Amino acid sequence: MGLSFLEGNEAVAWGAVSAGCRFFAGYPITPATSIFTKMMELLPSRGGVCLQGEDEIASIGYCLGAAMAGMKVMTATSGPGISLCSEQISFAIGSEIPIVIVDVQRLGPSTGSPTLGADGDIQFLRWGNSGGLPSIVLAPTDVIDCYLLTIHAFNLSETYRCPVFLASNKEIGQTRESLDIDRIRLPKRIGRKKIRHTAPFQPFAVANRNLVPDFLPIGSEIIVRQTSSTHGADGYITTDTKTIGSFRKRLLDKLNLEVDRFSYHTSILPAGSEALIITYGVTAKAALEAQAILQEQGCAVALLILKTLFPVPCKLILKTSEPYRRVIVLEMNLGQYVREIERLLTGKKVDWFGRMDGSLLRPCEIIEAVNG
């Protein structure tokens, strides 16, 4: 594709196609609609399907059906749409259905301000399902991340049979940047494993170390059962407490025990720093500029940009923050991820700076927060 001038949403669409996505369903919503329109342009010529559901509930339902039939799928929406998707997200978690869900966040709550950005859905993406079981949440900082993390998202959804969220926002999704896809070092694409089984097939029986069951598509010659209710390895509903407890623990462990394998991040840790900035999303750009200005002023400050938010990359955060006396957490919300940092770094001074009023954090404000 070569050098292109793309907005973040377009880069997400290109990343999805590069990852092998061949089914997209969505409903127009600002500021995510350009993902939908780009997928409408890209998929048909590649033998894929792009369709508009009557709402977000139907759209994610179409995606889950296509995923169960063996396709790689994606949907994209914003805060109000994510709220509507909650029941289907729970279904995908409990029934281990691979899907990539892009949330181009806007200022909430409710319909909020469609043309203003924020990172106000971060905790919802982790806890917005019945049962509270984990999913994977990745956070891009720019157009390159939108492309690359989308590919990672598909790989992770296939590897762990789970929903993977891309927590973008209006500022990232609708900002154009130069992108040379041919120069990006891409991860190996992970496809749907072709498993050979004879009947009867147990769709949730685990036979590998990463606690993920084999997958067979619905509609194949071998019967595959799928249900949103509590089930055993055979897919039948169960009330056996031992089976239920073991199943829930596996859903928890298959992600929490593996997060070190996908703790994506960027860190700049100059010598002599006493303070560490931790941030994510579009605020990373302002933090990078603030760090450079402080460095010129003779005030070294370290920077950790998290691109995996959930499961919380505990080892990464603990190891990176160990040498520093003080940690400053920057967010475009009223303090959602700082809670995760505070519970990990109980012996350190943790300060928070952020806002959720539709404006971006500026480098000069970050410098004031560091010097304050």
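Where is the place of P311 in the chain?

Reply: P311 sits in the loop between β12 (308–310) and α11 (314–321). Helices (H or I, at least four residues) and strands (E, at least two) are DSSP runs, numbered from the N terminus. This is a predicted model, in which local features need pLDDT of at least 70 and side-chain atom pairs count only at pLDDT 80 or more, while totals for chains, interfaces and linings use all residues. Residues are numbered from 1 along each chain as its sequence is written, and side-chain values use heavy atoms, with hydrogens and water left out.

Start with the backbone at P311. The peptide bond that joins F310 to P311 is cis, with omega about -10°. A cis bond also joins G108 and P109, where omega is about 5°. P109 lies in the loop between β5 (99–105) and α6 (122–127).

S110 is found in that loop between β5 and α6 too. S110 is not a glycine, yet its phi is positive, about 55°. S110 counts as exposed because its relative accessibility is 62%. The cut-offs are these: buried means under 20% relative accessible area, exposed over 50%, and partly exposed in between (1.4 Å probe, protein chains only).

E96 has a positive phi as well, near 55°, and is likewise a residue other than glycine. E96 is in the loop between α5 and β5. With a relative accessible area of 0%, E96 is buried. Why point these sites out? Most residues other than glycine have a negative phi, and most peptide bonds are trans.

Now two residues with their contacts. A contact means heavy atoms within 4.5 Å. L269 is in the loop between β9 (265–268) and β10 (275–279). L269 is partly exposed, since its relative accessible area is 41%. Leaving out residues up to four places away in sequence, L269 touches L276, A302, L303, T320 and Y324. L269 and L304 are 35 residues apart in sequence, but their C-alpha atoms are 8.0 Å apart in space.

S157 is in helix α7 (residues 143–160). At 2% relative accessibility, S157 is buried. Its contacts, again not counting residues up to four places away in sequence, are P98, I99, V100, C162 and V164.

On a 1 Å grid over the protein atoms alone, a cavity is a set of points where a 1.4 Å probe fits but cannot get out. A pocket is an open set with protein on both sides within 12 Å along at least five of seven lines, and lining residues have an atom within 4 Å of a point. Grid points are joined across faces, edges and corners, and a volume is the space filled by probe spheres set on the points.

The largest pocket has a volume of about 280 Å³. It is lined by 18 residues, and S90, G94, S130, S228 and R248 are the closest to its centre. α5 (86–94) and α9 (241–256) each give at least two residues to this lining. The largest share, five residues, comes from α5. By class, the pocket lining has five nonpolar, 11 polar and two charged residues. Here Ala, Val, Leu, Ile, Met, Phe, Trp, Tyr, Cys and Pro count as nonpolar, Asp, Glu, Lys and Arg as charged, and the others, Gly among them, as polar.

The structure also holds three cavities of 30 Å³ or more. About 80 Å³ of space lies in the largest cavity. Residues that line the largest cavity include M68, R161, F201 and Q226. That lining divides into eight nonpolar, one polar and three charged residues. The second largest cavity has a volume of about 40 Å³. Its lining takes at least two residues each from α5 and α6. α6 gives the largest share, three residues.

Finally, the whole chain. Its secondary structure comes to 13 helices and 14 strands. Of its 372 residues, 58% count as buried. Among contacts between residues at least 6 apart in sequence, 76% join residues at least 24 apart. A compact globule of 372 residues would have a radius of gyration near 21 Å, and the chain has 21 Å, which agrees. That radius is taken over C-alpha atoms, and the globule rule is 2.2 Å times the number of residues to the power 0.38. Along its principal axes, the C-alpha trace spans about 70 × 45 × 40 Å.
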